[in-house]
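Here's a quick briefing to read alongside the model. Keep the sequence and the 3D view open as you go.

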Amino acid sequence: GGYPFSDFEQTRCIVYFGHNPRPNVWAGEYQRLKAALKRGAKFIVMDPRKSHCAKLADIHLPLRPGTDAAMALGWLNVIINEELYDKEFVTKWCTGFDDLKSRVDEYPLPHVEKITGVPAKLIREAARMYATTKPAIIPWTVITDQQRNSTSALRCQSILRALTGNL
């Protein structure tokens, strides 16, 4: 098991789930992030705090701690129901799409807003930005691994990558 690195050099959209690299912490990734932002990449940060990275973001989603999976399910609801997903990729490579759609339909944005504390309008804007600005990355971060619902949140991140063809 090695550490998976995202393609910061090619991306046009970066999504951080609670990740907050700075010049002196995760310095290599921070330099790659800054270069991508300088190139014009969009930046979405989910973090309860107005962290260093949140201050740099185009969209900051100040969600309640531990609600990452609910936020991702809300994004999936938008992406599937607005048909922003990569239909060709899903048809060729994904199984269980109808079951997934049924599950994300249980997470309409007003419900996700109640869970996360983030306005539905902002959740929709971020989901649309991620789904339509390609290529996009959701880098692995230790933050998502260290929650009580980390397995669900990480699955949702993988599903987001797959449905949008950002692999």
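This is a predicted model: local features need pLDDT of at least 70, side-chain atom pairs count only at pLDDT 80 or more; totals for chains, interfaces and linings use all residues.

A residue counts as buried under 20% relative accessible area, exposed over 50%, and partly exposed in between (1.4 Å probe, protein chains only). Residues are numbered from 1 along each chain as its sequence is written, and side-chain values use heavy atoms, with hydrogens and water left out.

**Helix α3**

- Helices here are DSSP runs of H or I with at least four residues, strands are runs of E with at least two, and the numbering goes from the N terminus.
- Helix α3 covers residues 68–81, and its end C-alpha atoms are 20 Å apart; that agrees with the 20 Å its 14 residues should span at 1.5 Å a residue. The expected span is 1.5 Å times one less than the number of residues.
- Most of α3 is covered up, with 13 of its 14 residues buried.
- Asn77 sits in α3 and is buried, at 11% relative accessible area.
- Setting aside residues up to four places away in sequence, Asn77 touches Glu82, Val104, Asp105, Tyr107 and Pro108. Contact means heavy atoms within 4.5 Å.
- Pro108 is 31 residues from Asn77 along the chain, yet their C-alpha atoms are separated by 6.6 Å.

**How α3 meets α9**

- The axes of α3 and helix α9 (residues 150–163) come within 8 Å and cross at roughly 25°, which makes the two helices roughly parallel. Axes are lines fitted to C-alpha atoms, for helices over the stretch in contact, and angles run from 0 to 180 degrees between N-to-C directions. Angles under 35 degrees count as roughly parallel, over 145 as roughly antiparallel, 65 to 115 as roughly perpendicular, and the rest as oblique.
- On the α3 side, the residues in this contact include Ala72, Trp75, Leu76 and Ile79, while those from α9 include Ala153, Cys156, Ile159 and Leu160.
- By class, the contact between α3 and α9 has 12 nonpolar, one polar and one charged residues. Ala, Val, Leu, Ile, Met, Phe, Trp, Tyr, Cys and Pro count as nonpolar, Asp, Glu, Lys and Arg as charged, and the others, Gly among them, as polar.

- Thr116 belongs to helix α6 (residues 109–116) and is buried, with a relative accessible area of 0%.
- Leaving out neighbours within four places in sequence, Thr116 is in contact with residues including Pro62, Arg64, Met71 and Ile123.
- Helix α7 (residues 120–132) has 13 residues that should span 18 Å at 1.5 Å a residue, and its end C-alpha atoms agree at 18 Å apart.
- Ile123 is among the buried residues of α7, as are Met129 and Tyr130.

- Most residues other than glycine have a negative phi, and most peptide bonds are trans.
- Glu83, in the loop between α3 and α4 (87–93), has a positive phi of about 55° although it is not a glycine.
- Trp26 also has a positive phi of about 55° without being a glycine. Trp26 lies in the loop between β1 (13–17) and α1 (27–39) and counts as partly exposed at 34% relative accessibility.
- The peptide bond from Lys134 to Pro135 is cis, with omega near -5°. Pro135 is in the loop between α7 and β4 (136–137).
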